[in-house]
Amino acid sequence: MPALCRDCLETFETGTRCPACGRPRILSHPELFSLSVAHMDCDAFYASVEKRDDPSLRDKPVIVGGGRRGVVTTACYIARIKGVRSAMPMFKALKLCPEAEVVRGRMSVYVEVSRQIRAMMEALTPAVEPLSLDEAFLDLTGTDRLHHAPPARMLAGLARRIETELGLSVSIGLSHNKFLAKIASDLDKPDGFSVIGKAETLAFLGPKPVKLIWGVGAVTREALETVGIRTFNDLRRWDKADLHARFGSGGDRLWHLARGEDYRRVSANAPVKSISNETTFGEDTTDTDILEGHIWRLAEKVTDRAKAKGIAGRVVTLKVKRHDHKILTKRLALREPTQIGDRLYHTARDLFDQVAAEGPFRLIGVGLSDLVPEAGADLSGDLLDAQADRRAGAEKAADRIKARFGKDAILKGRALR
Amino acid sequence: MKFSIERAALLKAVAQAQSVVERRNTIPILANVLIEAEGDQVSLRATDLDIEVVDIAPAKVERAGATTISAVTLHEIVRKLPDGALVTLTDDGATGRLTVEAGRSNFTLATLPKADFPIMASAEYEANFACPAPVLRRLFDKSKFAISTEETRYYLNGVYMHVADAEGRQVLRCVATDGHRLARIDADLPDGAANMPGVIVPRKTVGELRKLLDDDDSQIAVSVSETKVRFAAPGITLTSKVIDGTFPDYSRVIPGGNTRKLEVDASEFAQAVDRVATVSSERSRAVKLTLGDDKLVLSVNAPDSGAAEEELAVAYSDDALDIGFNAKYLLEIASQVDRENAVFLFNSSGDPTLMREGNDASAVYVVMPMRV
């Protein structure tokens with residue numbers, strides 16, 4: 001069976017220790033050198049970066065998260081032993097692990113590290129599809145000749161390089177499509193390297209719960225359970241037509257995934273479907289002035305991103321989270337797509353009126369979707385708001401000032417509320 | 001309750017009722033129509049809590065009474081009965097069932113008690129007047145295309161009916177706008193309407209009202225209060241809440257100083273706009289108008305799908321002008337013109353454009369241009 005030493009990257013036929021360096025971190029699998037789709041995930045990314053940069057944290061439980069009432073963004077593996085999980089409210093995490101060191105995230109550092117990792121990935125293949133700062137799909141199909149080595153060896157080399165150069169550990173899943181690669185990378189965390197081959201796909205998935213499928217959350221899971229589908233084996237007993245009848249186009253997807261089939265390509269520039277930003281407040285608020293300030297800043301952030309990408313959106317979404325964590329969303333389709341912050345602000349502000357009575361709120365978010373190229377955006381004015389065109393003109397002028405003198409060179413008074 | 005009624009009379013009444021009933025509602029009684037039989041007539045009443053319609057039809061009443069049944073089911077049944085059938089509805093009052101018999105067909109339907117049916121509270125109307133059906137028809141038909149569907153600007157989701165001053169003369173005026181185009185239609189002020197408060201008649205009410213206005217000879221009794229409006233045609237009464245909001249000051253929107261004047265045959269213009277817009281697959285199709293001496297060139301340039309151009313002979317003698325519009329908006333306002341030429345008054349390529357029929361100021365339309 002083909003085997004690979006994860007320390008010295010020696011490839012050989014069989015053995016439990018590396019014939020070259022003698023160490024035991026051996027990866028062996030019948031299809032090891034023929035698989036080429038991978039998913040790579042940094043282990044406890046933010047927390048690991050913090051530990052790397054502050055060695056005094058190394059042996060302590062570390063939680064990265066915001067504020068006295070924020071949520072856990074990342075917990076290191078020591079904190080995870082105590083049951084701390086990401087997205088858990090901070091007070092709950094601290095109850096489980098009172099000795100934890102809570103660190104405010106340093107987003108700019110993470111972005112920089114993520115950029116370094118991405119550059120290393122792109123040295124292996126142009127087909128890198130980032131999912132977030134610390135996660136990406138890589139397709140190394142057809143790179144053997146270029147690297148004179150099979151994908152598995154290049155990936156193990158990448159993991160070693162990230163470890164030695166950046167001081168971070170990653171987990172890798174290698175398989176024959178994205179769906180399985182992603183499952184594989186989760187099998188052996190941290191510092192893992194797991195392989196799911198073609199031959200074993202069906203047997204591997206069979207007894208696994210369907211919640212492994214991305215997009216099968218509590219609601220779908222319940223719907224599936226009502227009809228007796230809990231595992232992939234259960235799912236595989238269903239006809240394609242029956243699944244379609246019951247779950248619509250999502251049913252077709254389930255039918256294919258049940259068989260470990262996933263034909264999505266690893267795409268370096270997956271089209272953006274929506275742009276949104278949100279913010280959680282220091283304390284719950286009903287104050288319209290404060291909320292308007294937030295809506296403006298969020299609208300500006302969203303449209304800045306849209307402008308940077310040269311796109312505009314037709315559907316405006318406003319999201320609020322109430323004090324009891326209930327989420328309310330309102331959306332409106334505009335007559336024409338926009339990338340003007342002022343327009344997004346006014347629309348989101350109008351939408352806010354529909355939920356204003358539900359406060360106090362702990363979070364507010366603004367989003368833009370149904371995205372199109374900017375050429376079709378903001379072509380017509382508003383009869384009833386004669387000033388809108390002038391405000392849009394002022395915004396464009398302000399954008400030029402910002403481009404030249406920096407982001408804070410000019411602000412709306414509203415942004416300071 | 002027991003009565004017999006001509007299929008045609010029942011169908012007309014129940015058709016109106018079922019169109020008011022909301023298809024998806026969570027309150028079961030609102031899916032029902034209230035049937036009351038007394039004397040020599042039956043009334044059918046339906047509501048969605050915002051609109052109430054009452055239809056009265058002659059019937060042979062054997063036993064007076066009242067009950068409620070599903071409006072949609074009754075409509076489907078009556079619709080499928082043969083023409084000319086005599087329909088008998090019987091409710092024994094005890095079993096909670098209503099039987100519908102016609103010829104050899106026999107249906108038994110579940111009822112809900114009359115007491116649960118919400119009756120719209122009657123209002124003190126501040127103005128009551130009569131208006132010929134064709135006048136109301138024109139006011140609403142020519143304005144309703146501009147009603148907004150945006151929920152955030154709910155006060156634009158209807159037609160603003162009010163008394164206005166048109167060059168020193170009081171008129172009954174209907175205005176609708178969605179912020180991109182506006183329609184302002186005037187009619188002679190009927191006797192008794194002068195004190196009418198301005199009201200925003202909701203879109204759905206406008207749609208239901210239209211069904212009362214088909215008969216050229218009928219007079220519609222209109223009653224208006226701050227919160228409700230009522231239209232009564234012979235045998236049918238439509239009562240509706242009005243939109244609780246302030247309609248924007250539209251007079252600022254209507255340009256008074258546009259001097260560049262284009263006169264064009266409206267149907268030729270509309271057909272040409274429709275033709276050139278074909279090449280654009282976008283949802284908001286921009287058509288460019290290039291105006292020169294007695295010449296109008298309509299063009300569409302859609303980089304992805306193609307380009308089109310068409311030239312029209314028109315009357316135009318002002319400075320050359322390039323201006324773009326949403327094709328759909330142009331088509332909609334051009335199709336309002338039915339007697340004379342369409343007259344467009346432009347200012348610049350960024351300002352609102354005014355359109356009217358010949359020199360008739362009783363129907364004007366404003367449309368916002370698009371950058372092209």
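**Exercise 1.** Work out how strand 19 of chain B pairs with strand 23 of chain B.

*Solution.* Start with the ranges: strand 19 covers residues 286-292 and strand 23 covers residues 321-326 of chain B. Here a strand is a DSSP run of E with at least two residues, a helix is a run of H or I with at least four, and both are numbered from the N terminus. Two strands pair if DSSP finds at least two bridges between them. These two run antiparallel and share six bridges. Within strand 23, B:Asp322 sits opposite B:Thr290.

A note before going on: this is a predicted model, in which local features need pLDDT of at least 70, side-chain atom pairs count only at pLDDT 80 or more, and totals for chains, interfaces and linings use all residues. Residues are numbered from 1 along each chain as its sequence is written, and side-chain values use heavy atoms, with hydrogens and water left out.

**Exercise 2.** Follow strand 19 of chain B to strand 20 of chain B.

*Solution.* Strand 20 spans residues 295-302, and five bridges link the two strands in antiparallel fashion. B:Leu289 faces B:Leu298 of strand 20. Then look at the hairpin: two residues lie between the strands, and B:Asp294 has a positive phi near 50°.

**Exercise 3.** Find the strand order in the open sheet of chain A, and explain which strands stand at the edges.

*Solution.* The three strands are ordered 2-1-3, with antiparallel pairing. Strand 2 (11-12) and strand 3 (26-28) each have a single partner strand, so one side of each lacks a neighbour in the sheet. Strand 1 (residues 3-5) connects to strand 3 through three bridges, and A:Ala3 has A:Ser28 as its bridge partner there.

Methods
Chains are lettered from A and ligands numbered from 1 in the order in which they are written.
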